[in-house]
Amino acid sequence: MSAALESLLDLLDLEQIEQDIFRGMSRSAVVPRVFGGQVAAQALVAAGRTVPADRSAHSLHAYFLRPGDPGAPIVYTVDRIRDGRSFATRRVVAVQHGKPIFHLSASFQAYEEGMDHQAPMPSAPDPETLPTAAQMLPRYADRFTDPLMVDRLIEARAAVDLRYVDAPPFATAGEPREPRSQVWFRTHGKLADDPLLHVCMATYVSDMTLLDSVLLAHGRGGWAVGDVVGASLDHAMWFHRPFRADEWLLYDQESPSASGGRGLGQARIYTADGQLAITVIQEGVVRVPRD
C-alpha cells in the first residue's frame with residue numbers, strides 16, 4: 001500500500017466525538033479549499049457508522065454549500081431519519097466555523113434477491129496499456145499557468161491510479177470535442193474487505209473527473225489551465241452491485257447539457273468484468289473567467 005493511500009485512509013477513519021457526531025481532518029488540495037470528493041466520502045463514512053452491519057449503501061444525494069477550509073476540522077452530525085425492516089436513511093451535515101459546508105442524504109439496504117438487468121459496458125482499452133498520471137502529466141506542463149501544477153496534480157492523485165483513455169481536457173484546450181470521457185481507476189494498494197470503505201473510496205474518486213466532459217464540449221482546458229472557473233454544486237450516486245475500489249473500474253462519463261453557468265455530468269462505473277457497479281450524476285458551476 002502506498003503512503004498516500006495510507007494517508008487517505010487515515011482521513012476517512014473519522015474520530016467519533018459523541019453519539020452520531022464525528023470529526024474529520026483534511027489534507028492540502030490542488031485548489032485552496034477542501035476537495036469535494038473528500039468531504040462526500042467522509043460524510044458517507046459518518047452515515048455508514050450509524051447503520052446496522054447488514055445494510056450497504058445504495059444511494060447518496062448531496063449538496064456542496066460552501067467552500068471547505070482545509071486547515072480546520074470538519075464536524076459531521078448524523079440524523080437517523082429512519083430505520084425500517086429493509087432500508088435505513090441518514091442525513092449528514094458537515095460544519096466548519098459554525099456554518100454548514102455540505103449536506104448529504106444516504107440510504108442503506110439489507111441484501112435481497114430481485115430482478116436484474118443492466119446497460120452493457122462500453123468498449124475501452126486495457127488500463128494496463130495506458131500511461132499513469134506520473135507518465136502523462138509532465139507531457140502537458142506547458143499548458144498550466146502554475147509551474148508547480150504537474151507536481152501538485154500528481155500528489156493529489158497519489159492514492160489512486162487514474163488513467164485517461166483519451167486525452168484529458170487540458171491536453172486539447174481550444175479544440176471542442178465530443179462531450180464524453182473515460183478513465184480507469186483503482187487505489188494504489190489493497191483495501192480491507194469492508195464494503196463501506198470501497199463505496200466511500202469510489203465516492204472520493206467520483207468527484208475528480210466527472211465534469212471533464214463539459215469542458216471537452218467547449219474546448220476548455222479546465223481550472224488548472226485557467227480558462228474556466230467552477231465548483232461542484234450537487235452530487236448523486238447509486239450503488240448497484242458489489243465492487244472493489246482496489247480493482248480496476250471504468251468511469252464512463254458524458255455531459256448532456258450546459259447552460260446558465262452550470263454544466264451537468266453523468267456517468268456509469270463498471271467493473272473490469274463488465275458489471276455496472278455505480279451510476280453518478282453531478283452538476284457544477286462552470287464559468288468562463290471575465291477579462
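So, Trp184 and Trp248: both of them are buried in this predicted model. Where do Trp184 and Trp248 sit in the chain? Trp184 is in strand 8, residues 180-187, while Trp248 is in the loop between strand 9 (229-239) and strand 10 (249-259). That puts them 64 residues apart, so to speak, on distant parts of the chain that the pair links up.

Now, the rings. If you search the whole structure, you get six aromatic pairs.

Okay, on to the helices. Let's take helix 5, which covers residues 195-209. How many of its residues are buried? It's 13 of 15, and that leaves helix 5 mostly covered. Have a look at the start of helix 5 as well: a side-chain oxygen of Asp194 comes to within 3.1 Å of the backbone nitrogen of Leu196.

Helix 5 has a packing partner, helix 1, residues 3-12. Their axes are 12 Å apart, and the angle between them is about 105°. With that angle, helix 1 counts as roughly perpendicular to helix 5. Which residues make the contact? From helix 1 you have Leu5, Leu8, Leu9 and Leu12, and from helix 5 you have Leu197, Met201 and Tyr204.

Then there's helix 2, residues 36-48. Here 13 of 13 residues are buried. From first C-alpha to last, helix 2 reaches 18 Å, and that's close to the 18 Å you'd expect for its 13 residues at 1.5 Å a residue.

Last stop, Arg55. You'll find it in strand 3, which runs over residues 55-64. Buried or exposed, this Arg55? Its relative accessible area is 14%, and the cut-off for buried is under 20%, so Arg55 is buried. What does the side chain of Arg55 reach? The backbone oxygen of Arg85, at 3.1 Å. Leaving aside residues up to four places away in sequence, Arg55 touches Gly84, Arg85, Ser86, Phe87 and Ala88, plus Phe108, Gln109 and Ala110.

Technical notes:
Residues are numbered from 1 along each chain as its sequence is written. This is a predicted model: local features need pLDDT of at least 70, side-chain atom pairs count only at pLDDT 80 or more; totals for chains, interfaces and linings use all residues. Side-chain values use heavy atoms; hydrogens and water are left out. Buried means under 20% relative accessible area, exposed over 50%, partly exposed in between (1.4 Å probe, protein chains only). Helices (H or I, at least four residues) and strands (E, at least two) are DSSP runs, numbered from the N terminus. A polar contact is a pair of N or O atoms within 3.5 Å; within protein, one must be able to donate a hydrogen and the other to accept it, and residues adjacent in sequence count only if both atoms are side-chain atoms. Contact means heavy atoms within 4.5 Å. The expected span of a helix is 1.5 Å times one less than its number of residues. Rings of Phe, Tyr and Trp (its six-membered ring) pair if their centres lie within 6.5 Å; planes under 30 degrees apart count as stacked, over 60 as edge-to-face and the rest as tilted. Axes are lines fitted to C-alpha atoms, for helices over the stretch in contact, and angles run from 0 to 180 degrees between N-to-C directions. Angles under 35 degrees count as roughly parallel, over 145 as roughly antiparallel, 65 to 115 as roughly perpendicular and the rest as oblique.
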